[in-house]
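Trainee: Could we go through this model together, one question at a time?
Mentor: Gladly, let's take a look.

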Amino acid sequence: MSTREAVTLNQPTDASSTGFCVTACVNPSGQAASVVPHAFAIAQALGAPLTLLHVLEARAAREARPDPIEWDLRRHEARRALDRIASSSQPAAANADVALAEGPTADEICRFAAGHGDGLIVLGTRGRRDASLDGIGGTTHNVLNRVPGSILLVPVDARLAPSGYRRIIVPVDGSCWAESVLPLAARLAKAADAELLLAHVVPMPELTETRPLEPEDLLLRRRVVERNEETARAYLERMRASLAGRGLRVRVLSLRGDDVRVTLARLIDTEAADLVVLSARGHGGSRHDDMRYGSVASYLMTHSTAPLLIVRPPSAHAEPSAMPDHRVRLPVACSA
C-alpha cells in the first residue's frame, strides 16, 4: 500500500487550510486493533479523509534537541507499524495519512486537533499504561477535557464486526442539544444500512419524603410519569416518521428508569449496539454552560460497551449562553 505520510514536529497547522477530517489516535502496541476499524468506518461514511496519528514518547527534558538519526529510526519504525495496522484493517487505508509527533501525548493530540478545524478525534478509552485500570485512562481524560470538537471514544473490547455498523443508538431527551446529532446519525445509518434506534428514558420524578408518601402522592407521581410517557411517544413518533421518510430503518423506544444514565447503559448492552451517537450535553446544556459534558455523556464514557460518538457544536455555533442550532454543521458531502 502507499500510505501518505505527514510528519509533524510540534508545528501548529493552519486551520484555515484544512477541512473536516477524521483523526485516529493510535499506538501500535496499544488499542489500535479496536480504534482503527471504527475510525475507517466513520471516515468512509462521512466521505472524510483519515489520518492515523501516533505520538512518540516524550524525550527527557534535558535533551534540548532530538538526535536526528534516532528520530529518523523511530519515525520509520512507527510508520511501518502504522502501515501494517492500516493494511490489515480496511481497503480505505490506501488513502490514509500517517502523522507522527513527539512530546506529551495529550498535548500533541490537542495540538493536532486544534489545527484541523471541526474534525473528529478517535481514541480508545485506555492506553497501554492504563490497560490494568477501569474506566478512562489519564491521557484520554486529558484530551476529553481539552479538545473542542467531537470525539469518538472506543472501549477496549469494542471490535467492529466485518459487516460494519448494524444498530446505532441515539439517546434523545427532547432538547435541541440532543436532537442536533440526528443529521450525523442519519448519515452514518444510511451509509452502513444500519438500524437507527431513538431511545428516550422517562425518569421517575422525585418527591420530598420527609414523611411517608400518601396515596395521593403516589397517584400524582404516576400521573406525571404517564403524562411524560405519552408526550415522549408522540415526540419519538414525529422523529421516526421524519427519518423513515428519508429511507432509513428507524425504531423508537421509550423506557422508564430511576436513573436515566444507568437505564441507557443497560439498553446499549442489551440491544448490542454497534455505535452510540449523542450530544455532549442534553437538557442541562442551557442551565450548566460551564460543563463540557452533561451527566449522561460523562457516565456513558465509562459504562458504555459500545463506542460513543460524542458530538459538540462547532466553535462557530457554540455560544454557551444560547441553545445550539439544531442543524449540526457537517462536511459538505454529508449534509442532511
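Trainee: Which residues in α8 meet α9, and which residues of α9 do they meet?
Mentor: Keep in mind that we are reading a predicted model. Contact here means heavy atoms within 4.5 Å. On the α9 side the residues are S295, V296, Y299, L300 and H303, and their partners in α8 are V260, R261, V262, L264, A265 and I268. By class, the residues of this contact divide into two polar, one charged and eight nonpolar.

Trainee: Are α8 and α9 parallel or oblique to each other?
Mentor: Helix α8 covers residues 260-270 and helix α9 residues 295-303, with axes 9 Å apart. They pack at an angle of about 40°, and angles under 35 degrees would count as roughly parallel. The two helices are therefore oblique.

Trainee: What is the relative accessible area of G294, and is G294 buried or exposed?
Mentor: G294 sits in the loop between β10 and α9. Leaving out residues up to four places away in sequence, G294 touches A280 and R281. The cut-off for buried is under 20%, so G294 counts as buried, with a relative accessible area of 15%.

Trainee: Which residue has its backbone nitrogen 3.1 Å from a polar atom of the S150 side chain?
Mentor: S150 belongs to strand β6, residues 150-154, and is buried at 13% relative accessible area. Beyond its neighbours within four places in sequence, S150 contacts G119, L120, I121, I310, V311 and R312. The backbone nitrogen at 3.1 Å from the side chain of S150 is that of R312.

Methods. Residues numbered from 1 in each chain as written. Predicted model: local features only at pLDDT ≥ 70, side-chain atom pairs only at ≥ 80, totals over all residues. Heavy atoms only, no water. Axes fitted to C-alpha atoms, helices over the stretch in contact; angles between N-to-C directions. Helix = DSSP H or I, 4+ residues; strand = E, 2+ residues; numbered from the N terminus. Parallel < 35°, antiparallel > 145°, perpendicular 65-115°, else oblique. Nonpolar A, V, L, I, M, F, W, Y, C, P; charged D, E, K, R; others polar. Buried < 20%, exposed > 50% of the residue type's maximum accessible area, 1.4 Å probe, protein only. Polar contact = N/O pair within 3.5 Å; in protein donor to acceptor, adjacent residues only side chain to side chain.
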